[in-house]
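Thanks for making time this morning.

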Amino acid sequence: MPGAGRAAGVRRLRPQPSEEPPALEEDQDLLLAAAYVSDAQYNRNVPFETSPRAIRLYYFYNHWTMQVAIYFFICVDLSLALFEEPALFPLPFLATSIAEVLCLTAFFGRLVHFAKVTPQMVFWKDTKNICIMVTIALTLIDLIIYGSLEAVNIHSVRWSRALRPVFLINFPESRQIRRTFRSIRNTLPDILYVFLLFMFSVMIFSLMALKLFGDRGLRTVEGLPYFTNILEIAFELYVLVTTANSPDVMMPAYNFNWWYSLYFITYIIINTYIFMSVFLAVVYNNYRKHLKNEIRKLAYLKRHKMMEAFNILKVKVGTEFVVMEARWRRLARTVMPHISSPHLELLLRISDEGQKGYVDKMNFLRLADLLNIHVVTVNIKRHPLEEWMPWVYQSSVSLLIQRMVRHRIFVWVYDIIILINAIFIALDEKNPFISYAEWLFLSLYIIEILLKLYTYEPRAYFGKKQFWNWFDMLIIVAALVATVANTTIQSASKYNSQQVLDIVLILRILRLLRVIVSIQRFRLIVTTLINIGPTILTFGGLILVVYYVFAIIGMEAFHGKVRFFDQNFTTPDALMCGNPALKDSAFARDRYCKNNFNDLASSFIVLMELTVVNQWHILADGFALVTHQAARLYFISFHVVVVILIINIFIAFILEAFFVAYSLEKSEVETAIERKIQELGVGIQEEEMHDGKLVDNTDAKDSGFSGDDGDNKRKALKGLYFRIASKKYRTVDALLQQMFESEIAPEDEGPPLDEILNFSPSDIYPKVPNFENSA
């Protein structure tokens, strides 16, 4: 097999068979194979040595406690900006510097650990490792220089703080964020050409505006000359693309002659609507192109890792190589130590269809996919009242109540009650009738919960996977707390806390969220959002990195230039935000004084306002007045990076995620699992789980399979069953990878490893027409 000696950059350093006892060598082979399968399962592409010591270190490296620890130190390192000057919560320099040194020590230790499991040539060629080491060195140098100057009362700049996000980006655990940065990097060349053409258009229109309006003596509302400076014109027209200064920037010319409005209309059509749409189209096209390349690479790397695991464990039976059942069981147990015996038995029945006592190559290659699919083990239990008082629970009246609660009309009635409740919440609560109605609605909701608990088994109704039932219960409890608190506060005439009243009103309004539970279409939308939620967090990490860098730069450049005074202050200094340069400016008139870079939290709020783009030119003009006109470049750069580039990539991702989530059906592996579950007579469909009739029991006792008595068990409402979890447990990346893997033939071992690692979007190997039609 091409590249059989290595997998995903892995160098094989197998111990000599004669040097180890057979049992020990077998255990080491099993650990190595399990490492490959685990990497395939989680799409890890970490090259590691295959010596016994390196494998143990690699397991420890991937342990969840190590990953939590490194993220903890990353969070601490990033949060130090809250305590450093300019600080929201000031701490002495010695305290923050000690904390930063501890974080750097943890980062260096993690890097050393990584070096112990990775081949040296691979380690030193990896740009991520070099970036981490250089950042640690630069941070230590900056700490020493800054501390030395502070000791002699000389203020300097902590420039290394802007490098702190490097640790978040470059550790192997942050591969999703790195992939997003790669998408940006790969998109930049095409974006650059469009951006240059866009800026050329802005400059052409700026020259036209200078010739049209520069010599006409027009003035702005503030009394300043109108369109007489080419740089001012270019900035105003750039802002007009974002519509933040529309129609203000047009009004002097429009008031002079209405024909001049055609100039601005033409400009907006070309630059705002056409060019901004082209930006989105270019970003989306490049994002999909490079995403396909990433997914194709992941799919073939996973196939290579599974082939490596198979080659380690295979034995020859007849004319084919297979993995014996006992070794397959041990392998699955090693990869997933907490898997239950019934679940393991189910996966073995799928992998060994003919019960031959071994797993062939094609079925073995599916192991990572089998382990990735969430198979829910459920235990059907009888209602406690049915066990304690069967004559009451099974009486005709009780059965009638249960049928009523299960009927669709019961849901419709409460949908109508919720809508009527929404009308009453909008009315004046001081009316006694409205106040009494609140108690009536609350009583109806409590009765609903009690009826459902009477009808459905309580432990099942509040199972750990019954999100909507928990959500409904919490909303009703919140409504109860709000109503009781509101009544108590109103009865205590001497007590007046606006904050408490605000909380009470919010809790009452939250009751309307029950509409989401009641209407199935709403639940589908929320489920889809939950499905793409983990990947949205990746973009949250990307935004955090960009915000953090710009916030640090902003604090160093603008802190102390603008100060906020309480609204009760009417002194001239307060009206000018503490800086005479802002006198009579739009920034001061609009009381934007709290929009400053005097600490990290305030900086993030300003950057969020810039992301929204409304009035962002007033913020830019204000900070340009207190520093230099070149400060506008800082705000323009932020707009280009965040609004034009990152937000468009985020939109491209959302579009792709929704297309994929709605277009893909179950994978071949999921279909095989469901088929085997039904063949064994232990299947439960998801609709049978409605309203919590069943309870998750992933820690069930090892009961195995009992043959053909499934129907009897189901009738008795007890026994062990399985089902595939709903789509909300499948991430977008998994769906995309599933789509590509369906195009790879089971016997296809893929191209050589070096070719996989060097895949480019322009490659035509392999052709995947279905992927092209995914959107």
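Let me begin with F364, which, once its neighbours within four places in sequence are set aside, is in contact with M306, A309, F310, L313, V323, W328, L331 and V359. Please keep in mind throughout that this is a predicted model.

F364 belongs to the largest nonpolar core, a set of 134 residues in which F213, W328, L331, F364 and W616 touch the most other members. The largest share of this core is supplied by helix α11, residues 261-313, with 18 residues. There is also a second, separate core of 14 residues, and F441, Y445, Y461 and I476 are among its members.

Turning now to the charged side chains, the count comes to 19 salt bridges. In one of them R164 pairs with E100, with the closest N and O atoms 3.0 Å apart, and this pair links parts of the chain that lie 64 residues apart, R164 being in the loop between α6 and α7 and E100 in helix α4. Is R164 buried or exposed? R164 has a relative accessible area of 2%, and because buried means under 20%, it counts as buried; E100, at 1%, is likewise buried.

A second pair to look at is R589 with E222, whose side chains meet at 3.4 Å, N to O, and which joins helix α27 to the loop between α8 and α9, 367 residues apart. Here R589 is partly exposed, with a relative accessible area of 48%, and E222 is partly exposed, also with 48%.

Finally, salt bridges that share partners join D77, E84, E100, D142, R158, R161, R164 and E556 into one network.

Conventions
Residues are numbered from 1 along each chain as its sequence is written. This is a predicted model: local features need pLDDT of at least 70, side-chain atom pairs count only at pLDDT 80 or more; totals for chains, interfaces and linings use all residues. Side-chain values use heavy atoms; hydrogens and water are left out. A nonpolar core is a set of buried Ala, Val, Leu, Ile, Met, Phe, Trp, Tyr and Cys residues joined through side-chain atoms within 4.5 Å. Buried means under 20% relative accessible area, exposed over 50%, partly exposed in between (1.4 Å probe, protein chains only). Helices (H or I, at least four residues) and strands (E, at least two) are DSSP runs, numbered from the N terminus. Contact means heavy atoms within 4.5 Å. A salt bridge is a side-chain nitrogen of Lys or Arg within 4 Å of a carboxyl oxygen of Asp or Glu.
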